[in-house]
Amino acid sequence: MSLVTRSWLFRQSLQRIDRRHFTHCSSLRSTTRTDDVSDVLQSIESLRPKQTARVLKNNDYNQLCKQLDKSFTVPQLKLYLKKHNRHILPKSRKQDLLNLIVNGFWGYSSREIIQNAERERKRNAIEAHVKASKEELFFVIGEEGSTLRHVEEQYNVRITILVDQGQYIIEGLRKDVIKAREEIRRQLLLVHADFQVTQQLKNNISFDDVAAKMMSIIPTISKQCNTFISISKDRFTLAARSKKSIDQATLLLAQTISELDVTTKKPLSAADHTLLDVTRADGQLEFVPLHDSQAMPLTLKSFGWSRLHPAEGEKNQKYLSSTESFSFYNLGPGESTNLSASGIKELIGQNLGPADDSNIHLEARFGAVLFENLKSKKSLILETPKTGLFSAQKLKDFAAGLDGRRLFFGVQPPANITAPFIPVVGDDGVHRRSVVLEYVNRNDLVSFGNPENVGQGPLHRVRVEFLVQEDGSLRLEKTEGEHKRVAVDLISVAGNVDVRVLAKKYTAFSGEGMISIPNTYSHATLPASLQTLVDQCELTGYSDFYCPPSFHLGSPMDLLEVSFRDEARYMADNSLVTLSDIDAQYSQARQTELTVTPVDNDELSQSLNGYIQPRNGLDRWNTFAETVRHLANRWHYSFQ
């Protein structure tokens, strides 16, 4: 074999050996490449600062970048950024990659970077001064500044509001300022409306009086409805981004003004009669201030209130041994006779009118009758309707002439008030949660301007009750249409507590899945408009509920309140005692309240899934009044 041939064979052998060695090495690298990449990514991530403060000292920031620079190559830094879906410019240098990781991805900056950026921004920034009315500034700011923050973040500008100068300033790059200004213009495409109420005011009330009472309430309505409300001359002016917001604000204004007792419309919560317990007329009384901003509804919390209370040393001395000892004096004008328990029943019956086919619901609420505090003639401080001590006889002389409103307010009952009673256990246990909707006839509210002829339907109110199931779903329990109601406030029952006795005529509506209604009751099939309303109701949160703001049932019916009720029920003889924690969504009030309702034991023993109150609650008046007496005697607070 020639020398050339041997040389060629040797080179071929070396090439075969090299190929086998390369294949073997490649196999080794493929098994370790994944581990190497993971180690690199973890090593870079381990250098991320743990502190929550996003602005580092200049030295700390530079030291961090230096450590990344020395520890990792450009391909490794790019690999880390690609792993986290970060865009890399084609000609990025290593320093650019370091800044992109520390500042762009990790979100840390140095004081020097911030100062440089601020100087650069000011060097290229412009300012746009824009004139604006107060209503426009209201919408530029938005709810708790939400609109302003959104525009600032989206367009990288700064907005300064100068309310006293009637303008706002937009500061930023020219292109960003132009875009931000256009966005604000879109936010200021407003709907306007204005209303008058002067024609419906009482003779001794001026529009200025109404405006003075409304000034403290309007900000809450504006925030709740996202509507700017202003008062000028003899009218309310409204501005909003949608007609829906205008309608909602109009409804709340109508309800609020109606409750202020300044128009010819009767306040929805007013009592028809106010009676004072004079069972023992030798005790001394006094007005005591009472205020609870969390429990009071919107129409109460902005005003000062007082309640009648036995003077110190007179408390808890008026024990009522029986309902036969009841003696109440009517504080209304022209009334001079005392009423017994049976006399109160007759008074309610006379006000309800002649008997008909309607059902009569009867209930008692425990709380306090509040008298509005008045402005002092000597100072700006509010003062109680009457100072000092006075007897029940003296109260008779001046009560009818007291100015200001009287309202009933449910108060927290004593902790042990239900101890003697038997808990009622239903399908959901002792406690249950319900949602109650109350709608009121629009004709019973103050109207703005020249309202359309809406007609007077047969119902003044509609009540819809849902039970909240364990899985969070709703079950329609009952709906009732109210024809008439009578409210009688009893002050200082047994010297301990005030009680509102409420009687109302109603028709019960029946429908699929609702609780059963005895044949002896006045009832009707659920109207189509009410069924449509029920179908649209939705529980959107634990204490958040959506329902239509109005519907038509003979007359337009407007939403008055949505209340969540956590209830525990107890039996006391032939009465149902209910302890309720109430969270009112519209009036923004939270309170605990005790109520008493007469029931039929026979119905209760058969099933809780039905109407357990009698068809005519007044037929159970004696046992009902006895339960009220018993609870009033037990109404003692212990602070030990």
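# Inside a predicted model: questions and answers

Biologist: Is S327 buried or exposed?
Modeller: The relative accessible area of S327 is 17%. Buried means under 20%, exposed over 50%, and partly exposed in between (1.4 Å probe, protein chains only). So S327 counts as buried.

Biologist: What kind of model is this?
Modeller: Residues are numbered from 1 along each chain as its sequence is written, and side-chain values use heavy atoms, with hydrogens and water left out. Local features need pLDDT of at least 70, side-chain atom pairs count only at pLDDT 80 or more, and totals for chains, interfaces and linings use all residues, as this is a predicted model.

Biologist: Which side chain does the side chain of S327 join in a polar contact?
Modeller: First, the place: S327 sits in the loop between β11 (305-310) and β12 (328-330). Strands (E, at least two residues) and helices (H or I, at least four) are DSSP runs, numbered from the N terminus. A polar contact is a pair of N or O atoms within 3.5 Å; within protein, one must be able to donate a hydrogen and the other to accept it, and residues adjacent in sequence count only if both atoms are side-chain atoms. At 3.3 Å, the partner of S327 is N338.

Biologist: What is the order of the open sheet of three strands?
Modeller: Two strands pair if DSSP finds at least two bridges between them. The pairing in this sheet is antiparallel, and the order is β6-β8-β7.

Biologist: Which are the edge strands?
Modeller: An edge strand here pairs on one side only. That holds for two strands, β6 (191-196) and β7 (227-232).

Biologist: Which residue in β8 stands opposite I229?
Modeller: β7 and β8 (residues 235-240) pair in the antiparallel sense over six bridges. Opposite I229 stands L238.

Biologist: At about what angle does α11 run to β8?
Modeller: Axes are lines fitted to C-alpha atoms, for helices over the stretch in contact (heavy atoms within 4.5 Å). Angles run from 0 to 180 degrees between N-to-C directions. Helix α11 lies across β6, β7 and β8. With β8, the angle is about 150°.

Biologist: How many residues of α11 are buried?
Modeller: Helix α11 covers residues 243-259 and has 17 residues. The helix is mostly covered. Its buried residues number 13 of 17.

Biologist: What is the relative accessible area of N85?
Modeller: N85 is in the loop between α3 (74-83) and α4 (94-105). Its phi is near 55°, a positive value in a residue other than glycine. N85 is exposed, because its relative accessible area is 73%.

Biologist: Does N156 count as buried or exposed?
Modeller: N156 is no glycine, yet has a positive phi of about 55°. Its place is in the loop between α7 (146-155) and β4 (158-162). Its relative accessibility is 56%, so N156 counts as exposed.

Biologist: In β18, which residue is the bridge partner of A368?
Modeller: Strand β14 (residues 359-372) is joined to β18 by five bridges, and the two run antiparallel. In β18 (residues 406-410), four of five residues are buried. There, the partner of A368 is F409.

Biologist: Which cysteine holds the closest sulfur to that of C547?
Modeller: A disulfide is a pair of cysteine sulfur atoms within 2.5 Å. A search of the whole structure finds zero disulfides. C547 is buried, at 5% relative accessible area. Its sulfur is 5.2 Å, too far for a bond, from the closest cysteine sulfur, in C537.

Technical notes
The expected span of a helix is 1.5 Å times one less than its number of residues.
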